[in-house]
Amino acid sequence: MKNLPGALLLSLALTAPAFAADPSLRERSESVPAAPYLLAGAPTFDMTIGQFRERYNAANADLPLMEYRAIDNRNDSSRLTRAASKISETLYASTALEQGTGKVKTLQLTWLPVPGPDQKASQEKAMAYMTALLRFFVPGLTPDEARKKLNALLSEGKGARYFSRTEGALRFVVADNGDKGLTFAIEPIKLALPPADQGGKNDEKQSH
């Protein structure tokens, strides 16, 4: 996993802090906000990447994810473990894991729109994987509903190096770098507790 495409390496942090020594990548990242999952105390999903992959593959036998392999990122100061899984020459899955627990902080799919006769098919495959990832975390959606939701998110994030939308306990992220790659990510957010009443107990109405 040392020779990953540059677009995927960029997507692994969305702001690419690991590549600050590279002027071209630094210029590309300066106008992009720090990805929330990179911040100290950012939450994790309650599962490791192995547990995610096992559950995902059980539900999506026709769109499998191969084993994630760790990426050499010695210059990365985020103290996260990064790993990636190659799906095809134009589609990669990647993640960032909490060191120590190995729990997932972000799950990303990156499509590289390589020009050619197979581009349309590779794009459709990427959309199918992104839809499956979305449905994994929002299981109440039908395939059609999930695809419409994905299309809406990608449309809102079109041309943006970082776009995010929060819904409940999830953050959906789109990083559109044009012909250099499109990344769709899902991350957990830290839910705030409702304010306590005068007796020190949380207002039950506000907690729902």
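Reader: How many cavities of 30 Å³ or more does a search of the whole structure find?
Author: The search finds 2 such cavities. Please keep in mind that this is a predicted model.

Reader: How much space lies in the largest cavity?
Author: The largest cavity holds about 60 Å³ of space.

Reader: Which residues line the largest cavity?
Author: The lining consists of Phe-52, Tyr-56, Leu-65, Tyr-68, Ala-93, Ser-94, Leu-107, Gln-108, Leu-109, Tyr-129 and Leu-133. By class, 9 of the lining residues are nonpolar, 2 are polar and none is charged.

Reader: Which helices and strands each supply at least two residues of that lining?
Author: They are helix H3 (49-59), strand E3 (91-98), strand E4 (104-111) and helix H4 (119-137). The largest share, 3 residues, comes from E4.

Reader: Let us turn to the sheet. In what order do the strands lie?
Author: The order is E1-E2-E3-E4-E7-E6-E5, an open sheet of 7 strands with antiparallel pairing. Strand E1 (69-70) and E5 are the edge strands, each of which pairs on one side only.

Reader: And what does H4 touch on the sheet?
Author: H4 packs on the sheet and touches strand E2 (80-88), E3, E4, E6 and E7. The direction of H4 makes about 160 degrees with that of E4.

Reader: How many bridges join E4 to E7?
Author: There are 5 bridges between E4 and strand E7 (residues 182-188), and the two strands run antiparallel. Leu-107 has Ile-186 in E7 as its bridge partner. Leu-107 is also one of the residues lining the largest cavity.

Reader: What about E5 and E6: how many bridges are there in that pair?
Author: Strand E5 (residues 163-167) and strand E6 (residues 170-176) pair over 5 bridges, in the antiparallel sense. Opposite Arg-165 stands Phe-172 in E6. The hairpin of E5 and E6 has 2 residues between the strands, and Gly-168 takes a positive phi near 60 degrees there.

Reader: Now Phe-45. Where is its place?
Author: Phe-45 is in the loop between helix H2 (23-29) and H3.

Reader: Does that residue count as buried or exposed, and why?
Author: Phe-45 counts as buried because its relative accessibility is 8%, and buried means under 20%.

Reader: Which residues is Phe-45 in contact with, leaving aside its neighbours within four places in sequence?
Author: Phe-45 is in contact with Lys-103, Val-104, Leu-107, Phe-137, Leu-170, Ile-186, Glu-187 and Pro-188.

Methods: Residues numbered from 1 in each chain as written. Predicted model: local features only at pLDDT ≥ 70, side-chain atom pairs only at ≥ 80, totals over all residues. Heavy atoms only, no water. Pairing = 2+ DSSP bridges. Helix = DSSP H or I, 4+ residues; strand = E, 2+ residues; numbered from the N terminus. 1 Å grid on protein atoms, 1.4 Å probe; cavity = no way out; pocket = protein on both sides within 12 Å on 5 of 7 lines; lining within 4 Å. Points joined across faces, edges and corners; volume = space filled by probe spheres on them. Nonpolar A, V, L, I, M, F, W, Y, C, P; charged D, E, K, R; others polar. Buried < 20%, exposed > 50% of the residue type's maximum accessible area, 1.4 Å probe, protein only. Contact = heavy atoms within 4.5 Å. Axes fitted to C-alpha atoms, helices over the stretch in contact; angles between N-to-C directions.
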